[in-house]
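This report describes a protein structure for a reader new to the subject.

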Amino acid sequence: VQLQASGGGLVQAGGSLRLSCAASESISSIHIMGWYRQAPGKEREPLATISNIGSTYYANSVEGRFTISREIAKNTIHLQMNSLEREDTAVYYCCVWKPSGTYWGQGTQVTVSS
């Protein structure tokens, strides 16, 4: 499966962005899809996941501010990011877990200015 992430950009602290990740195949049967991010000099960290039955998981750092969702008809997942902080600056990656392996999108840069 190929993943195309979009929606990153420059935003002021306190603002919002919505990331999207379009998959090259149907996501209705994909067990888990999610978002990670990697800030300069830091390890890639998991942010949020959504299962094929709609169950969600959020990291403590983003819970209450970020929301993951799916548009099955468009084979797309989203990450709505509100109340952004400078510490949210990073490259954001979408990924999927399938029996055949883990697949990553190319990443989209999010920069939060003060």
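A residue is called buried under 20% relative accessible area, exposed over 50% and partly exposed in between, with a 1.4 Å probe and protein chains only. The model is predicted, so local features need pLDDT of at least 70 and side-chain atom pairs count only at pLDDT 80 or more, while totals for chains, interfaces and linings use all residues. Residues are numbered from 1 along each chain as its sequence is written, and side-chain values use heavy atoms, leaving out hydrogens and water.

**Aromatic rings**

Rings of Phe, Tyr and Trp (its six-membered ring) pair if their centres lie within 6.5 Å; planes under 30 degrees apart are stacked, those over 60 are edge-to-face and the rest are tilted. By this rule there are 3 aromatic pairs. Two of the pairs are listed below.

| Pair | Centre distance | Plane angle and class |
|---|---|---|
| Tyr36 and Trp104 | 5.0 Å | 75 degrees, edge-to-face |
| Tyr93 and Trp104 | 6.5 Å | 85 degrees, edge-to-face |

Tyr93 is buried, with a relative accessible area of 14%. Tyr36 is likewise buried, at 17%, whereas Trp104 is partly exposed at 36%. Ring pairs link Tyr36, Tyr93, Trp97 and Trp104 into a cluster.

A charge sits over a ring if NZ of Lys or CZ of Arg is within 6 Å of the ring centre and within 35 degrees of the ring normal. Arg44 lies over the face of Tyr93, 3.8 Å from the ring centre. The charged end of Arg44 also sits over the ring of Trp104, at 4.6 Å from its centre.

**The disulfide**

A disulfide is a pair of cysteine sulfur atoms within 2.5 Å. The whole structure holds 1 disulfide. It is formed by Cys21 and Cys94, with sulfur atoms 2.1 Å apart, and both residues are buried. Cys95 counts as buried because its relative accessibility is 0%.

**The nonpolar core**

A nonpolar core is a set of buried Ala, Val, Leu, Ile, Met, Phe, Trp, Tyr and Cys residues joined through side-chain atoms within 4.5 Å. The largest one has 30 residues, and those with the most contacts inside it are Trp35, Phe66, Leu79, Met81 and Tyr92. Contact means heavy atoms within 4.5 Å. Leaving aside neighbours within four places in sequence, Leu79 is in contact with residues including Trp35, Phe66 and Tyr92.
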